[in-house]
Amino acid sequence: MTHTSRDGFTSTFGVLVATLGSAVGLGNIWKFPYLTGTNGGASFLLVYIIATLLVGLPLMMTEIMLGRASRSNAVTTFEKLAPPRQGFWKSIGFMGVAAAIFILAFYTEVAGWVFAYIFKAVSGGLDSTDPAHSKAVFGELVANPQSALLWQWLVLGFTGAIIMLGVSKGIEAVSKKLMPVLFLLLIALCIRSLTLPGAMRGLEFLFTPDFSKINAGVVLTAVGLAFFKLSVGMGTMLTYGSYFRSEQNIPLTATRVMFADLAVSLLAGIAIFPAVFAFGFEPAAGPSLVFITIPAVFHSMPGGSIFMALFFILTAIAATGAILSILEVPVAMLIERCGWSRKVSTLVSILAIAALGVPAALSQSLTANWKLFGLNPFDFFDFISSNILMPVGGIMLCLFVGWSFGRDKLMAALSNEGTLPNQKLVKILFILLRYITPLLISVILLHGFGII
Ligand code: PHE
């Protein structure tokens, strides 16, 4: 069997930026700051870092490994790699595809707000130091069904067009252009924020722990964030892994991506919190921090409108890379399992997401009173993907590799058939995957839901 006809990433740098492009997203710039702000600052950060090391990183290596070993989409991978009569493992793949659609239903909506905000920042629509003004602007955007839907559909059309170009000419080419710009913008924003008078208080907030805030719910949130951040537990890293080059060092690439992703989150925190404190705003504003507090903060500083536009461009870039990687999960599955073209598969996927996205987009207006488990559709999609589907997918992935796939195959795949000197590391990884990580996630899940 030859794989020459299958598209894939073409260079080591391409692999790195595309994978990093998936990890870096609204999770760093929107979720990480507001969750840190509302869950105790540095103590939350600490729990999050531990979760990343014990859960996120091992799973990222594992998923990429599985994808590369099978060279297939999230579902077919388990058909190819599982022993005969263990067909049930492919439910991991189907769950992943479902999670991808759920995530995109709300993620493309937030991305839509970000794109809208670029235009608002440039046109001066956000020019006020009064958060009440930015609150009104934000309220108008999200409460208006037409604009909420329009921006979501624009984002879906834009990212769908890139996906249609394919893996190397679409995803990889776009990531290579955008990721460097993202880092430059982020550093510029950090310098601006750190040189404001009073910036130190923001850093203190970010880096001084308040351990009294840690409880089961906070730990579950941190683990959910670790999954969400590193795009694991739902087939994204697996699908990207299937495009990895055979000579790529998977453990090294995954570790680099993890550190770079953490750096982006910290830099985003450093860009945001010192400025928030310098101008006397509230750090625990929640999900609206980026859309309500930030515009007012930026307008308070010299050169504010320019930095505000740059901030939202940066966020839009981050969101784009992440959306591409989530969208590729159903698209790759449809291409390979239904035999449809990339175009048709993309169209079908974005139509499904748009349909599910309608109730999410209208959660601040027409569907605000639709409640599932007490949550509106937007919050429900966020909650069920980060806090249920991804962790459960993670547990099943660990069990698959730890108890079915086995240590020898793991070793062969991660050492590139014995050519990389990483035997010790793989042995540790195997113990993590077989016992520690699944147990840890299970306990945290059960505890987080008050079952134990
Ligand atoms: N990692 C992305 C972020 O932080 C989100 C994401 C989740 C991407 C799941 C792919 C899969 O925004």
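Let's start on the surface, with a nonpolar patch made up of Leu46, Ile50, Leu53, Leu54, Phe211, Ile214 and Leu440. Together these residues have about 570 Å² of accessible area. Please keep in mind that this is a predicted model. Which element gives the patch its largest share? That is helix 3, residues 42–70, with four residues. Take Leu54, which sits in helix 3. Its relative accessible area is 31%, so Leu54 counts as partly exposed, and it clears the cut-off for patch members, which is over 30%.

Now let's go inside. How many cavities of 30 Å³ or more are there? The count is three. The largest cavity holds about 120 Å³ of space. It is lined by 16 residues, and the ones closest to its centre are Ser22, Phe228, Ser231, Ala322 and Ile326. Helix 14 provides the largest share, three residues. And what kinds of residues are they? By class, the lining of the largest cavity has nine nonpolar, six polar and one charged.

As a reminder, side chains of opposite charge can pair when their charged atoms come close. This structure holds eight salt bridges, and I'd like to show you a few of them.

Glu79, Lys90 and Arg337 are linked in a network. Between Lys90 and Glu79, the closest N and O atoms are 3.4 Å apart. Lys90 lies in the loop between helix 4 (76–81) and helix 5, while Glu79 is in helix 4, so this pair ties together parts that are 11 residues apart in sequence. In the other pair, Glu79 meets Arg337, with the closest N and O atoms 3.0 Å apart. Here Glu79 in helix 4 is joined to Arg337 in helix 14, so the parts tied together are 258 residues apart in sequence.

Glu247 is exposed, with a relative accessible area of 52%, whereas Arg245 is partly exposed, at 23%.

Notes: Residues numbered from 1 in each chain as written. Predicted model: local features only at pLDDT ≥ 70, side-chain atom pairs only at ≥ 80, totals over all residues. Heavy atoms only, no water. 1 Å grid on protein atoms, 1.4 Å probe; cavity = no way out; pocket = protein on both sides within 12 Å on 5 of 7 lines; lining within 4 Å. Points joined across faces, edges and corners; volume = space filled by probe spheres on them. Helix = DSSP H or I, 4+ residues; strand = E, 2+ residues; numbered from the N terminus. Nonpolar A, V, L, I, M, F, W, Y, C, P; charged D, E, K, R; others polar. Patch = residues over 30% accessible without salt bridge, like charges linked within 9 Å, V, L, I, M, F, W, Y side chains within 5 Å. Areas by Shrake-Rupley, 256 points an atom, 1.4 Å probe, with all protein chains shown as cover. Salt bridge = Lys/Arg side-chain N within 4 Å of Asp/Glu carboxyl O. Buried < 20%, exposed > 50% of the residue type's maximum accessible area, 1.4 Å probe, protein only.
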